[in-house]
Amino acid sequence: MHILISLIGGLGLFLYGISVMGEGLQKSTGPKLEKAIGLLTSNIVMGVLVGTVVTGIIQSSGATTVMVVGFVNAGIMSLYQAIGVIMGANIGTTVTAQLVSFDVSILSSIALGIGIVLYMIGSKSKPMLKNISEILIGFAILFIGMRFMKEAVAPLSEYPIVKSILVKIATEPFIALIAGFLMTTILQSSSASMGILIALSSQGLMPLQAALPILYGDNIGSCTTSLISSVGANKNAKRAATMHLCFNVIGTILFM
């Protein structure tokens with residue numbers, strides 16, 4: 001029970017860190033970000049690039065695809081443009097996973113200290129300082145949550161039954177795929193699912209053969225947000241959300 005409570009606490013901090021950092025980045029870029037999506041997606045290559053950059057900034061492929069579905073529904077963006085951005089969003093969402101896979105505990109402590117100082121000296125007349133402080137504080141909380149999760153799952157290495165279950169998952173890739181899909185659907189964040197995978201892998205509990213199909217399931221689970229957002233939208237918006245699902249399902253089949 002103690003392990004579960006610690007893991008939930010770490011996951012909560014991880015998700016909160018992503019949210020705070022994403023909000024700070026969005027405020028810093030302002031409405032220019034949304035305009036850029038509409039203006040810079042004239043061809044599919046630019047669409048992929050824009051989708052990658054935007055998702056890397058706001059730290060959520062779900063938010064990007066929901067935005068795109070809304071643009072298509074409003075007629076601001078064509079289906080052809082949307083497909084490129086959706087492909088890029090799938091690349092941009094890996095930024096968080098890459099960040100948390102490194103040990104940057106010293107940097108996160110420095111970021112937290114600077115972020116708090118900037119937040120305290122920031123004011124309504126200096127909104128940019130507040131935004132920068134949110135980015136730094138969110139970044140730090142993200143890594144604190146990651147450390148909590150790693151420490152929470154560390155005792156599991158002492159339980160042979162846990163190891164045997166995880167090794168068994170490695171021999172049942174379809175079950176691992178479903179587990180990844182359900183985890184991301186429930187958490188509504190593929191980055192959070194990846195955080196748990198990285199925490200388990202860092203303690204030697206998650207073999208690569210088991211982690212990969214779970215990761216593929218995470219990618220499919222991340223499509224639920226855009227699919228839900230397309231309910232009640234026009235035909236092209238529904239097609240954009242469906243293309244997101246098709247892209248991830250086809251990718252999963254190829255890699256499996």
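**Stop 1: cysteines**

Across the whole structure, a search turns up 0 disulfides. Keep in mind that this is a predicted model. A disulfide is a covalent bond between the sulfur atoms of two cysteines.

The cut-off for a disulfide is 2.5 Å between the sulfur atoms. Now select Cys-246. This residue is in no disulfide either, and its nearest cysteine sulfur is that of Cys-223.

Cys-223 has 0% relative accessibility, so it counts as buried. Cys-246 has 32%, so it counts as partly exposed.

**Stop 2: the whole chain**

Switch to cartoon and color by secondary structure. The protein chain shows 14 helices and 0 strands.

Next, consider contacts. Take those between residues at least 6 apart in sequence: 77% of them join residues at least 24 apart. The chain has 256 residues, and 43% of them count as buried.

**Stop 3: the cores**

In general, nonpolar side chains tend to be buried together in soluble globular proteins.

Select Phe-14, Leu-142, Met-146, Met-149 and Met-206. The largest nonpolar core has 26 residues, and these five touch the most other members. Which elements give two or more residues to this core? Highlight helix H1 (2–29), helix H8 (127–153), helix H11 (190–202) and helix H12 (208–221). H11 supplies the largest share, 7 residues.

Then move to Val-69, Phe-71, Val-72 and Ile-86. They are among the members of a second, separate core of 13 residues.

**Stop 4: the surface**

Show the accessible surface of the protein chain. The total is about 12800 Å², and 73% of that belongs to carbon and sulfur atoms.

Which residues make a nonpolar surface patch of about 500 Å²? Select Phe-174, Ile-178, Phe-181, Leu-182 and Ile-186 to display the patch.

Center on Phe-181. This residue sits in helix H10, which covers residues 173–187. Its relative accessibility is 30%, so Phe-181 counts as partly exposed. The range for that label runs between 20% and 50%.

**Last view**

Finish with two selections side by side. Show Met-206, one of the residues touching the most other members of the largest nonpolar core. Beside it, show Phe-181, part of the nonpolar surface patch.

Terms used: Residues are numbered from 1 along each chain as its sequence is written. This is a predicted model: local features need pLDDT of at least 70, side-chain atom pairs count only at pLDDT 80 or more; totals for chains, interfaces and linings use all residues. Side-chain values use heavy atoms; hydrogens and water are left out. Helices (H or I, at least four residues) and strands (E, at least two) are DSSP runs, numbered from the N terminus. Buried means under 20% relative accessible area, exposed over 50%, partly exposed in between (1.4 Å probe, protein chains only). Contact means heavy atoms within 4.5 Å. Accessible areas come from the Shrake-Rupley method with a 1.4 Å probe; for residues, only the protein chains shown count as cover. Patches are made of residues with over 30% relative accessible area and no salt bridge: like charges are joined within 9 Å, nonpolar side chains (Val, Leu, Ile, Met, Phe, Trp, Tyr) within 5 Å. A salt bridge is a side-chain nitrogen of Lys or Arg within 4 Å of a carboxyl oxygen of Asp or Glu. A nonpolar core is a set of buried Ala, Val, Leu, Ile, Met, Phe, Trp, Tyr and Cys residues joined through side-chain atoms within 4.5 Å.
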